[in-house]
Amino acid sequence: MKMLPQVRIILLAVLMSSLCFTACVKNPVTGKRQFVMLTEGQEIAMGAESHPEVLAQFGVVEDAALQEYFAGVGRELGRVSHRPNLDWHFTIVDSPVVNAFAVPGGYIYLTRGILEHMNNEAEMASVLGHEIGHITARHSVTQLSQGQLMNIGLGLGSIFSPHFQQLSGLAQMGLEVLMLKYSRDHEREADQLGLEYMAKAGYDPEQMSRFFQVFTDMSEEEPGAIPNWLSTHPSPPDRLRDTQLEGARLKRSAPGRTFKVGADAFVPRLAKLVYGDNPREGFEENGRFVHPDLRFQFDLPPGWKVENTRRAVFISEPKGGAVVQLSMVPPRAGRSPVEIGRMMGSQQGHQLVSGREERINGKAAFSGIYRVQSDGGILGVTAAFISHGGNIYQIAGLAPESVFSRYRRQMDSSLRSFRELTDSRLLSVQPDRMKPVRARRGDTLRRLAGSSAQGRIKIEDLARLNRLNPDQALEANSWVKLVEPGRR
Ligand SMILES: [Zn+2]
């Protein structure tokens with residue numbers, strides 16, 4: 001969970017009303033007229049409006065020089081694309097998951113996780129080119145179905161989520177729509193366009209298929225706040241081979257031309273980038289959840305499973321019978337725990353059964369029992385609203401009313417354990433960070449990694465990050481990405 005208060009991803013009234021104005025427009029890539037739901041103006045408005053929501057939801061990597069470099073390469077590719085006049089935006093978002101995505105209107109996002117797997121500027125250009133291809137060919141615009149649009153409008157309206165059954169889905173609901181799942185044909189077309197754009201901009205088009213090898217040995221990532229590349233970008237069967245052949249063909253068709261690869265321009269810029277999960281944003285330890293940045297902790301019901309997203313922390317009973325969710329209440333919702341707790345009872349479909357103002361571990365709080373009407377029937381909810389560090393936190397335990405009493409005691413003791421985090425060891429944890437180094441002749445990855453590749457950071461992870469065999473002899477002066485262990 002992040003410092004940011006809960007953000008509702010409601011994708012635009014603009015979008016909803018646009019349903020009434022479906023239109024035929026000329027596709028910038030094919031030149032054919034095509035049925036899309038949005039005009040270009042609406043498409044751009046949609047991107048502009050969802051951009052701040054995306055930033056709030058994922059967070060931005062705070063490295064201005066890296067962001068500017070990244071956007072510079074992106075703009076260069078945008079200029080040689082089929083939509084050179086679009087106002088392109090490129091952002092590296094703060095997630096360890098390996099993914100890249102595009103929002104209509106020219107907004108492109110790569111995660112730090114995918115960037116860390118790249119070895120040079122041309123590989124970065126290949127993923128940027130691919131995402132630009134989705135936008136120039138207007139894939140996402142044509143793919144938004146009415147059903148998806150309806151989903152955006154629902155769901156996150158209530159602070160107690162009524163979509164109890166799809167809890168893990170709930171955490172992602174907004175993104176699911178933003179991060180569209182493309183068809184295989186769209187993937188193939190985006191690959192083609194990406195290759196074309198990167199070659200036009202002077203990048204070695206053979207680097208695309210090299211980078212795609214990352215995905216061939218990458219099995220499903222652990223579930224995170226963002227689905228991974230493979231789930232949002234289905235892989236056409238011969239994708240690797242096709243991009244290999246086309247990359248080679250593009251090079252042959254421009255004899256005498258030199259193409260950039262750009263390892264020196266790229267790898268050193270990854271220095272200090274957070275690698276993997278950032279423990280400052282919360283983690284599980286010895287049966288409790290601790291959040292160093294927000295300085296709180298609480299006990300977990302034994303055996304329950306934690307999912308920490310930027311908007312909320314979800315703790316699920318192993319069989320999915322109940323869930324505890326913790327989130328920060330948006331400041332606009334109310335000023336005191338009592339006010340918010342009572343207001344929650346007056347929302348449509350919510351009923352405050354009993355509640356009282358109290359102190360929980362020394363903090364001003366309101367605790368209450370609610371009945372909430374949801375799609376799947378009545379939910380029993382035990383909730384506490386607790387003032388901490390200038391914010392108000394909501395911890396709610398939810399279960400279908402028929403089994404609520406079975407879980408209530410466990411959920412209550414979890415939410416009543418919310419307290420200040422004072423352990424200085426936990427307050428001072430630091431994430432692992434990227435550390436690019438240059439190899440000398442005869443070095444191997446294993447030798448360079450030395451004792452840093454022990455424990456949390458495995459030599460296999462470094463091998464995958466660099467696409468190197470740990471014991472192969474490295475070329476003198478080549479870049480190697482190591483990881484500097486943080487403090488845990
Ligand atoms: Zn794609």
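1. R239 touches H130, E187, D191, F212, W229, H233 and P234, leaving aside residues up to four places away in sequence. The model is predicted. Among these neighbours, D191 also makes a polar contact with R239, side chain to side chain, at 2.7 Å.

2. Where does R239 sit? R239 belongs to helix α12, which covers residues 239-252. Is R239 buried or exposed? Its relative accessible area is 6%. The cut-off for buried is under 20%, so R239 counts as buried.

3. Now to strand β15, residues 377-388. Most of this strand is covered: nine of its twelve residues are buried. On one side, β15 pairs with β14 (residues 363-374), antiparallel, over ten bridges. The link from β14 to β15 is a hairpin through two residues.

4. β15 also pairs with β16, residues 391-400. This pairing is antiparallel too, with ten bridges. Here S387 lies opposite I392 of β16. Two residues separate β15 and β16 in their hairpin, and G389 there has a positive phi near 60°.

5. Look next at an open sheet of four strands. Its order is β7-β8-β9-β17, and the pairing is antiparallel. Which strands form the edges? They are β7 (283-285) and β17 (419-420), each pairing on one side only.

6. E285 has R288 of β8 as its bridge partner.

Conventions. Residues numbered from 1 in each chain as written. Predicted model: local features only at pLDDT ≥ 70, side-chain atom pairs only at ≥ 80, totals over all residues. Heavy atoms only, no water. Pairing = 2+ DSSP bridges. Buried < 20%, exposed > 50% of the residue type's maximum accessible area, 1.4 Å probe, protein only. Polar contact = N/O pair within 3.5 Å; in protein donor to acceptor, adjacent residues only side chain to side chain. Contact = heavy atoms within 4.5 Å.
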